[in-house]
Amino acid sequence: MSSSAPPVLPISNSQPNPTVSSAASEPQVTAIRTLISNLSDSLRNGLSQRRPWTELTDRSAFSKPESFSEATLRIRKNFSYFRINYYAVVSLILAVSLLTNPFSLILLIGLLASWIFLYLFRPSDQPLIILGRTFSDFETLSLLAALTVFVVFLTNVGSVLVSALMLGVAVVCLHGSFRVPEDLFMDEQENSQTTGFLSFIRGVAAIAPAATAPPPSVRV
């Protein structure tokens, strides 16, 4: 009696291809790195144009303006000269206001992260899926806009931002009206208008579509 061995069944071990998953996440990583790099370069370029803080706080250059028109003229000249310093002061006041209100800071960070990862850096060929439902680009934009309105206007985030900006503008106007600009060299810098703190957005907007676009198919 001859015994035959049972046939060996083929075993298929299907595992996810790590190359495909890494290739899918590569455009987002490239866009985020581009954003961070452009933001860092823009901040360094902007801070390099700041005036010495000793000129900003020179007590001998302060005097009371004689009229409202003189105060307005001083504010205009001082803002043209101390523009980067004033931006830094307003940003510092805004940062301190957010740090003293951690709930508003968490909501604002969550809102920014939602815009970045769900709309700006999301590939166009990958629709947004939440709880099994697929959302189109228009529906995603509408949801993010509604979330922005809710966070800014229906929570204390909007009041914190508005209060901090109003305080920053008041400090800048108060300093600019009492700082005598006669000893300042009023040189107009045209490059500062095109290389401001927000110039990194143009670079990301130009690079992000190229990074998220699928590679062209090649026929052999």
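## Report on a predicted helical chain

Buried residues make up 26% of the 220 residues in the chain. The model described here is a predicted one. The accessible surface of the chain comes to about 15600 Å², and 68% of that surface belongs to carbon and sulfur atoms.

The chain contains 9 helices and 2 strands. Along the sequence, these elements follow the pattern α-α-α-α-α-β-β-α-α-α-α. Among contacts in the chain with a separation of 6 or more, 81% are between residues 24 or more positions apart.

### Annotated spans

The UniProt record, an unreviewed entry, places the feature "transmembrane region" at residues 81–99 and 134–154. In the model, the span of residues 81–99 is 95% helix and 0% strand, and its end C-alpha atoms lie 29 Å apart. The span of residues 134–154 is 81% helix and 10% strand, with 27 Å between its end C-alpha atoms.

Helix α6 covers residues 137–153, and F153 is found in this helix. Is F153 buried or exposed? F153 has a relative accessible area of 64%, over the 50% limit, and therefore counts as exposed. F153 is also one of the residues of a nonpolar patch on the surface. The patch is formed by L147, V149, F150, F153 and L154, and together these residues have about 530 Å² of accessible area.

### Helix α7

Helix α7 runs over residues 157–178 and has 22 residues. From its first C-alpha to its last, helix α7 reaches 32 Å, close to the 32 Å expected at 1.5 Å a residue.

Which residues of α7 are buried? They are V157, G158, V160, L161, A164, G168, V172, H175, G176 and S177. What covers these buried residues includes α2 (53–56), α3 (68–81), α4 (83–99), α5 (102–120) and α6.

Other residues of α7 have some accessible area. S159 is found in helix α7 and is partly exposed, with a relative accessible area of 41%. The C-alpha atoms of S159 and S104 are separated by 9.6 Å, while the two residues are 55 residues apart along the chain.

F178 also lies in helix α7. At 31% relative accessibility, F178 counts as partly exposed. The C-alpha atoms of F178 and A71 are separated by 7.3 Å, although F178 and A71 are 107 residues apart along the chain. Leaving aside neighbours within four places in sequence, F178 is in contact with A61, F62, S63, K64, P65 and R74.

R74, one of the contacts of F178, has its place in helix α3. Leaving aside neighbours within four places in sequence, R74 is in contact with S63, K64, P65, G176, S177, F178, R179, V180 and P181. Of these, G176 and S177 are among the buried residues of α7.

The count of salt bridges comes to 1. Side chains of opposite charge can pair when their charged atoms come close. R74 forms a salt bridge with E70, and the closest N and O atoms are 2.9 Å apart. Where do the two partners sit relative to each other in helix α3? R74 and E70 are 4 residues apart in this helix, so about one helical turn separates them. An α-helix has 3.6 residues a turn, so residues three or four places apart point the same way.

The two partners have these accessibilities: R74 is buried, with a relative accessible area of 7%, whereas E70 is partly exposed at 25%. R74 counts as buried because its value is under 20%.

### Accessibility of the residues described

The table lists relative accessible areas for residues discussed above.

| Residue | Relative accessible area | Class |
|---|---|---|
| F153 | 64% | exposed |
| S159 | 41% | partly exposed |
| F178 | 31% | partly exposed |
| E70 | 25% | partly exposed |
| R74 | 7% | buried |

Conventions: Residues are numbered from 1 along each chain as its sequence is written. This is a predicted model: local features need pLDDT of at least 70, side-chain atom pairs count only at pLDDT 80 or more; totals for chains, interfaces and linings use all residues. Side-chain values use heavy atoms; hydrogens and water are left out. Patches are made of residues with over 30% relative accessible area and no salt bridge: like charges are joined within 9 Å, nonpolar side chains (Val, Leu, Ile, Met, Phe, Trp, Tyr) within 5 Å. Accessible areas come from the Shrake-Rupley method with a 1.4 Å probe; for residues, only the protein chains shown count as cover. A salt bridge is a side-chain nitrogen of Lys or Arg within 4 Å of a carboxyl oxygen of Asp or Glu. Buried means under 20% relative accessible area, exposed over 50%, partly exposed in between (1.4 Å probe, protein chains only). The expected span of a helix is 1.5 Å times one less than its number of residues. Contact means heavy atoms within 4.5 Å. UniProt positions are given in the numbering used here, feature names are shortened, and annotations may be inferred rather than shown by experiment.
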